[in-house]
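Welcome, and please take a moment to look over the sequence and the model.

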Amino acid sequence: MRIATWNVNSINARLPTVLQWFEEAAPDVACLQEIKCVDEKFPREAFERLGYNVETHGQKSYNGVALLSKSPMEDVRKGLPGADGAGADGEADDHARYIEALISGPRPVRVGGLYLPNGNPVGTAKFTYKLDWMARLNAHARALLAFEEPLVLCGDYNVIPEPEDADKPEGWLDDALFQPESRGAFRALKNLGLTDAYMQMNGAPGGYTFWDYQAGAWPRNHGIRIDHHLLSAQAADRLTGVEICRDVRGWEKPSDHVPVVVTLDL
DNA sequence: ATGCCATGCTCCGCATGA
């Protein structure tokens, strides 16, 4: 069972590139982020032709997540608990950033796909929203872990966990992705009992998943590792591989993120 | 010190991203 995450930066602007990768990589499950469209404008048929069941939690212009699976999905959830209620400032949270389903099969696995808020600039409501969202994710992860089943929470976490996860960490010191509060909230997630799949399987510095479009970040390899798979113990026990599809960043009309795929022996 | 590049919409300039 191969489970992918990929922030595609607009599914409709990226469709030929995304389909090319799906035909080559053929993941069993894929979580997409930043589809940047409402459900009705998601190119559902293109993925159904490749054999996928499609669930979307879309939004106009910004954010939006999708979950694709070759096996049928059950228990589909769109939005974190509390996410469609009130945020810390009392305003309704209408960001489409989380989708989850139980992937059926001989050994079911629950997969949550997430697009964690960027949080820049630090010191604004955007940063407190990021931390508030991470607290809600923590509470939901805690509830899911109580099932003691294979669980994968993957997506664009918008957190650089450690200095080794950036080519130029000094350049990120003032950024929301590398604040002590952001890193601490990510660490708190792991401390619930979740395993960072990349660190378990490889852990070598330089496993970047994002390179900015600007300032020649890709040719200079000024990357960061911010797309992660966090695994429950029951999933981590069966983890056999992690692949960062780095070459996709060099394709024509690329996303600024690349796909990351974990393999579970389920 | 700023913008660089890319996206979608309010569409020819703005907001957002990381």
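A residue is called buried if 20 or more other C-beta atoms lie within 10 Å of its own, exposed if 12 or fewer do, and partly exposed in between, with C-beta atoms placed from the backbone. Lys 70 has 17 other C-beta atoms within 10 Å, so Lys 70 is partly exposed. This is a predicted model, in which local features need pLDDT of at least 70 and side-chain atom pairs count only at pLDDT 80 or more, while totals for chains, interfaces and linings use all residues. Residues are numbered from 1 along each chain as its sequence is written, and chains are lettered from A and ligands numbered from 1 in the order in which they are written.

**Around Lys 70**

- Lys 70 is found in the loop between β4 (65-69) and β5; strands (E, at least two residues) and helices (H or I, at least four) are DSSP runs, numbered from the N terminus.
- Leaving aside neighbours within four places in sequence, Lys 70 is in contact with Asp 28, Gly 51 and Tyr 52, where contact means C-beta atoms, placed from the backbone, within 7 Å.
- From Lys 70 to Val 152 there are 82 residues in sequence and 16 Å in space, C-alpha to C-alpha.

**The nonpolar core**

- A nonpolar core is a set of buried Ala, Val, Leu, Ile, Met, Phe, Trp, Tyr and Cys residues joined through C-beta atoms within 7 Å.
- The largest such core has 70 residues, of which Ile 3, Leu 32, Val 65, Val 111 and Val 152 touch the most other members.
- Strand β6 (residues 98-103) gives the most to this core, namely five residues.
- Not counting residues up to four places away in sequence, Val 111 touches several residues, including Ile 3, Cys 31, Leu 67 and Val 152.

- One open sheet holds six strands in the order β5-β6-β7-β8-β12-β9, with mixed pairing; two strands pair if DSSP finds at least two bridges between them.
- Its edge strands are β5 (73-78) and β9 (195-196), each pairing on one side only.
- Within this sheet, β7 (residues 109-115) and β8 (residues 151-156) run parallel and are joined by six bridges; Leu 114 has Gly 155 in β8 as its bridge partner.
- Another open sheet, also of mixed pairing, has six strands in the order β3-β4-β2-β1-β14-β13.
- Here β3 (53-57) and β13 (239-244) stand at the edges with a single partner strand each, so one side of each has no neighbour in the sheet.
- Four bridges link β1 (residues 2-7) to β14 (residues 260-264), and these strands run antiparallel; the partner of Ala 4 in β14 is Val 261.

- Ala 215 lies in the loop between β10 (210-211) and β11 (223-224), and counts as exposed because it has 8 C-beta neighbours inside 10 Å.

**Backbone details to look for**

- Phi of Ala 215 is near 55 degrees, a positive value in a residue other than glycine.
- Ser 61, also not a glycine, has a positive phi of about 75 degrees and lies in the loop between β3 and β4.
- With 9 other C-beta atoms within 10 Å, Ser 61 is exposed.
- The peptide bond from Asn 120 to Pro 121 is cis, with omega near -5 degrees, and Pro 121 sits in the loop between β7 and α3 (125-145).

Technical notes:
Contact = placed C-beta atoms within 7 Å.
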